[in-house]
Amino acid sequence: MNISMEKIYITKTKMNYKEQKLWDAIREFELDDDEAVYTFSDRLAKENNWSKGFALRAIEEYKKFIFLICTSSQSRTPSDEVDQVWHLHLLYTRSYWNEFCRDVLKREIHHGPTRGGPQEHDKFKNAYAETLQHYRDTFLIEPPPDLWPPDHLSSSPSTFSRLMKTWKTLL
């Protein structure tokens with residue numbers, strides 16, 4: 001790539017070369033195992049009562065969220081839908097810890113759920129608003145509102161099933 005093309009590409013995406021390489025690696029990371037009869041996206045869709053198309057879009061937004069974590073010194077908070085993808089990915093321990101965190105991201109990313117209470121609610125609400133702004137600044141588009149509701153912590157309960165509910169029914 002010549003210098004002028006590189007400048008256009010970086011300016012258009014607002015990513016420097018290192019960030020662009022990381023984003024490309026995250027985007028190319030495959031959560032679905034082509035040899036599996038029941039893939040990650042199949043499971044995600046079924047366990048959340050989502051269409052396969054919606055599940056695939058949620059996976060793309062999860063990848064964007066992980067990139068936002070990697071490119072920020074601030075805490076980032078996912079939407080409930082993106083969090084569902086993250087929860088499921090954490091269950092695929094080899095994929096998450098070895099292939100994704102160690103090999104692709106070159107760092108560990110831990111999931112830190114809320115401890116509850118009004119202070120935590122405010123902290124996560126503010127972090128969510130900052131995450132949405134970081135999304136806009138990084139990807140130069142609005143987050144899709146069906147996957148990133150404008151104010152998800154104040155909205156009504158989600159319409160999908162939590163993975164824990166699904167696991168309780170299996171026990």
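Predicted model: local features only at pLDDT ≥ 70, side-chain atom pairs only at ≥ 80, totals over all residues.
# Notebook: salt bridges, loops and a charged patch

**Entry 1: a bridge across the chain**

I began with a salt bridge in which the side chains of aspartate 146 and arginine 57 meet, 2.8 Å from N to O. The two partners sit in distant parts of the chain, 89 residues apart. I found aspartate 146 in the loop between helix 7 (118-139) and helix 8 (163-170), while arginine 57 belongs to helix 4 (residues 52-70). A reminder to myself: side chains of opposite charge can pair when their charged atoms come close.

Are these two buried or exposed, or something in between? Aspartate 146 has 36% relative accessibility, so I noted it as partly exposed. Arginine 57 comes out at 35%, so it is partly exposed too.

**Entry 2: the whole protein**

I stepped back to look at the overall build. How many helices and strands does the protein have? I wrote down eight helices and zero strands. Going from the N terminus, the elements read α-α-α-α-α-α-α-α. There are 171 residues in the protein, and buried ones make up 42% of them.

I also looked up the total for salt bridges, and the structure holds seven.

**Entry 3**

Next I picked arginine 27 and aspartate 24, whose side chains form a salt bridge at 2.9 Å, N to O. How far apart are they in helix 2? They are three residues apart, which means that about one helical turn separates them.

I checked the accessibility of both partners. Arginine 27 is at 36%, so it counts as partly exposed. Aspartate 24 is at 22%, and the buried class needs under 20%, so aspartate 24 lands in the partly exposed class as well.

**Entry 4: around the end of helix 7**

I moved on to another salt bridge, this one between the side chains of glutamate 142 and arginine 136, at 3.0 Å from N to O. Arginine 136 is partly exposed, with 25%.

Then I looked at threonine 138, which is in helix 7. Its relative accessibility is 9%, so threonine 138 is buried. What does its side chain have beside it? A polar atom of the threonine 138 side chain lies 2.8 Å from the backbone oxygen of histidine 134.

**Entry 5: two positive phi angles**

Lysine 106 is not a glycine, yet its phi is positive, at about 65°. Where is it placed? I found lysine 106 in the loop between helix 6 (93-105) and helix 7. With 63% relative accessibility, lysine 106 counts as exposed.

Leucine 140 is not a glycine either, and it has a positive phi of about 60°. This leucine 140 is in the loop between helix 7 and helix 8. Its relative accessible area is 42%, so leucine 140 is partly exposed.

**Entry 6: a negative patch**

I turned to surface charge. Which residues form the negative surface patch I was looking at? My list reads Glu30, Asp33, Asp34 and Glu35. I took aspartate 34 as my example, and it sits in the loop between helix 2 (17-28) and helix 3 (40-48).

**Entry 7: two C-alpha distances**

Leucine 90 is in helix 5 (residues 80-91), and it is partly exposed at 23% relative accessible area.

Glutamate 60 is in helix 4, and at 27% relative accessibility it is partly exposed. In sequence, glutamate 60 and valine 85 are 25 residues apart. In space, I have them at 9.6 Å, C-alpha to C-alpha.

Conventions. Residues numbered from 1 in each chain as written. Heavy atoms only, no water. Patch = residues over 30% accessible without salt bridge, like charges linked within 9 Å, V, L, I, M, F, W, Y side chains within 5 Å. Areas by Shrake-Rupley, 256 points an atom, 1.4 Å probe, with all protein chains shown as cover. Salt bridge = Lys/Arg side-chain N within 4 Å of Asp/Glu carboxyl O. Lys, Arg positive; Asp, Glu negative; His and termini not counted. Charge placed at Lys NZ, Arg CZ, Asp CG, Glu CD. Helix = DSSP H or I, 4+ residues; strand = E, 2+ residues; numbered from the N terminus. Buried < 20%, exposed > 50% of the residue type's maximum accessible area, 1.4 Å probe, protein only. Polar contact = N/O pair within 3.5 Å; in protein donor to acceptor, adjacent residues only side chain to side chain.
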